[in-house]
Amino acid sequence: MNVNFPYQFDGAGGTADPLADYMNQLIEQVLFTSAGERVNLPDFGSGLMQMIFAPTSPEIAAATQFTVQGALQKWLSGQIKVQSVLASSVDSTLSVTVTYTPLNTGIPQVQTFVYGGNG
């Protein structure tokens, strides 16, 4: 069992899992890194940031979700199994909901990542 130092509680009053925060940070890093940002990994990222100012249509949304899911599977296949990705862009706010299962726990997780906007 992994324990944070200093000891932390989760929302249910139990022991907080330090790997859960780490996994969220890994997913966020893949989602919001554009190709070419990493010097030694030029194809790292998902291309999601290009969606903010792109025209919206069902076809573009489906292609973006497919691309993002592929990037998550490529870069994090040793840590998670991706079930689904839902991406939407409203004004200057990009919202992505990822449903995944960490391979170490097998417990499905749903996380929503928001980029841009006023908050």
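What percentage of the 119 residues in the protein is made up of buried residues? In this predicted model, buried residues, defined as those under 20% relative accessible area with a 1.4 Å probe and protein chains only (exposed means over 50%, and partly exposed the range in between), account for 29% of the 119 residues. Residues are numbered from 1 along each chain as its sequence is written, and side-chain values use heavy atoms, with hydrogens and water left out. Because the model is predicted, local features need pLDDT of at least 70 and side-chain atom pairs count only at pLDDT 80 or more, whereas totals for chains, interfaces and linings use all residues.

The pLDDT, which is the predictor's confidence in each residue on a scale from 0 to 100, averages 80 over the protein, and 83% of the residues score at least 70. Two helices and three strands are present, taken as DSSP runs numbered from the N terminus, with at least four residues (H or I) for a helix and at least two (E) for a strand; their order from the N terminus is α-α-β-β-β. Confidence is lowest in H1, with a mean of 82, and highest in strand E2 (residues 93-102), with 86.

The accessible surface, computed by the Shrake-Rupley method with a 1.4 Å probe, comes to about 7,500 Å², and carbon and sulfur atoms contribute 56% of that area. With contact taken as heavy atoms within 4.5 Å, 35% of the contacts between residues at least 6 apart in sequence join residues at least 24 apart.

Within helix H1 is found Asn24, which counts as buried at 16% relative accessibility. Residues up to four places away in sequence being left out, Asn24 touches Tyr100, Gln111 and Phe113. The C-alpha atoms of Asn24 and Phe113 are separated by 9.0 Å, although the two residues lie 89 residues apart along the chain.

The loop between helix H1 (18-31) and helix H2 (58-76) contains Thr33, a buried residue with a relative accessible area of 9%. A polar atom of the Thr33 side chain lies 2.5 Å from the backbone oxygen of Gln29. Apart from neighbours within four places in sequence, Thr33 is in contact with Arg38, Phe44, Gly45, Ser46 and Gly47. Two of these residues, Arg38 and Phe44, are also related to each other, in that the charged end of Arg38 sits over the ring of Phe44, 4.5 Å from its centre; the criterion requires NZ of Lys or CZ of Arg within 6 Å of the ring centre and within 35 degrees of the ring normal.

Methods
Polar contact = N/O pair within 3.5 Å; in protein donor to acceptor, adjacent residues only side chain to side chain.
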